[in-house]
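Open the model in your viewer and keep the selection tool at hand. The stops below go through pairs of side chains, one after another.

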Amino acid sequence: MKTRKSWVVWSDGRKQSSFLVMSLHRNDLVFVLISVSIHAFGVINAVDVTASVSAAKPQQAPSYLSPGSSAVVSSPVFKPAVDSALSIGLLSSFPEDLEISEYCTGLLRLFGQRYVTYVDCLVPAARPVKVCQDCFTAYHSLFEVFQNISSDQMGPGNVSCRDSILRSDRLMLVFLLYSGLDTIWQKSNCQQCVPKDLKGRNNDTLYFLTLLNQTIACFEKYKQGNLTEVCKNCEVAYKGLNELYSGMEKNNTLCIDLEDAMNMTRKLWSKTFACSNPHEETVPVIAVSSFMLFLPIIFYLSSFLHSEQKKRKLIHPKRAKSYTSLMNIQDKQS
């Protein structure tokens, strides 16, 4: 450790001695602290300078715009960014002459609500298929609001929503959404089970569902015991249901709900319960098929028995016979 004596002179002329103890280790520590402070101050200044330069420099314009284009100067999109954390978006509103009316906005909102209701009905009705009998009310509501949107008739305030909602852009989103759900309704042939007013189910459908419920109830009653009891006790109910389905199929009055229900019933009858469905017309069909099979054999056998076997006879030409007679006459005369 080194020491040094120093004198301090005050304003009144007095002298006072003091000892300053200087440590080499302390001097080194002070020097390090001073260096770190200077370095941090330089970094802060550099950051401030960079931030000020970037704030003064506008955002880069798109590559398809030339540097001297007026769009870059006048467009508010390319102004300097105040806060990089905030993203730039479209304006929340347009001029009044470009926006749709309150009446059309209400129809659009109602369309969205009924669209969701119909989709919520379709998903649970996928298996087993009950699209027509469970979702006709939701489809009817959606159909009504779309008719109001696409109608030529003027609504309140002499306003038509067809052009502003359906034809105002290339995508035509509302039309696409409705077309998708309407395609499901049409491919399901729901118009065969639901009347045109879309209120309830027609009589043929109700009668079919009644027989179907009776048949399924019979299956549930006798399936706990011997499966042969199902075949014996439910044959009449199943046969009546099957005949009704065949008639409706010929008349083209079936929808996807009835088709799927009948397919499931037939699988239960034939595979699960291993029952058969005898038909009375089987015997005539077998008889006619057997007769047609043996008909060629009978025909050829009868032809062989009744045909006459004729011997081939050699017939001499008349000219040759006349020549021989002439030669005999000449011989006699000679």
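Is Asp-152 buried or exposed? Asp-152 is exposed, at a relative accessible area of 51%, where buried means under 20%, exposed over 50% and partly exposed in between (1.4 Å probe, protein chains only).

Before going on, note that this is a predicted model, in which local features need pLDDT of at least 70 and side-chain atom pairs count only at pLDDT 80 or more, while totals for chains, interfaces and linings use all residues. Residues are numbered from 1 along each chain as its sequence is written, and side-chain values use heavy atoms, with hydrogens and water left out.

**Salt bridges**

The term stands for a side-chain nitrogen of Lys or Arg within 4 Å of a carboxyl oxygen of Asp or Glu. Arg-162 lies in helix α5 and Asp-152 in the loop between α4 and α5, so parts ten residues apart in sequence are tied together. Helices here are DSSP runs (H or I, at least four residues), numbered from the N terminus. Arg-162 is partly exposed, at 22%.

Next select Asp-163 and Arg-167, a salt bridge whose closest N and O atoms are 3.9 Å apart. Shared partners join Asp-152, Arg-162, Asp-163 and Arg-167 into one network of salt bridges.

Move to Asp-260 and Arg-127, which meet in a salt bridge at 2.7 Å, N to O. Asp-260 is in helix α10 (residues 256-272) and Arg-127 in the loop between α3 and α4, so this pair ties together parts 133 residues apart in sequence. Asp-260 is buried at 12% relative accessible area, whereas Arg-127 is exposed at 52%. The count of salt bridges comes to five.

**Disulfides**

Now show the cysteines. With a disulfide taken as a pair of cysteine sulfur atoms within 2.5 Å, the count is six.

Select Cys-104 and Cys-161, a disulfide with sulfur atoms 2.0 Å apart. This pair links distant parts of the chain: Cys-104 in helix α3 (residues 102-122) and Cys-161 in helix α5 (residues 161-166), 57 residues apart. Cys-104 is buried at 0% relative accessibility, and Cys-161 is buried at 3%.

Then take Cys-121 and Cys-135, joined at 2.1 Å, S to S. The torsion about their S-S bond is about -100°, so the disulfide is left-handed.

Finish at Cys-218 and Cys-234, whose sulfur atoms lie 1.9 Å apart in a disulfide. Both Cys-218 and Cys-234 are buried.

Note on methods:
Helices (H or I, at least four residues) and strands (E, at least two) are DSSP runs, numbered from the N terminus.
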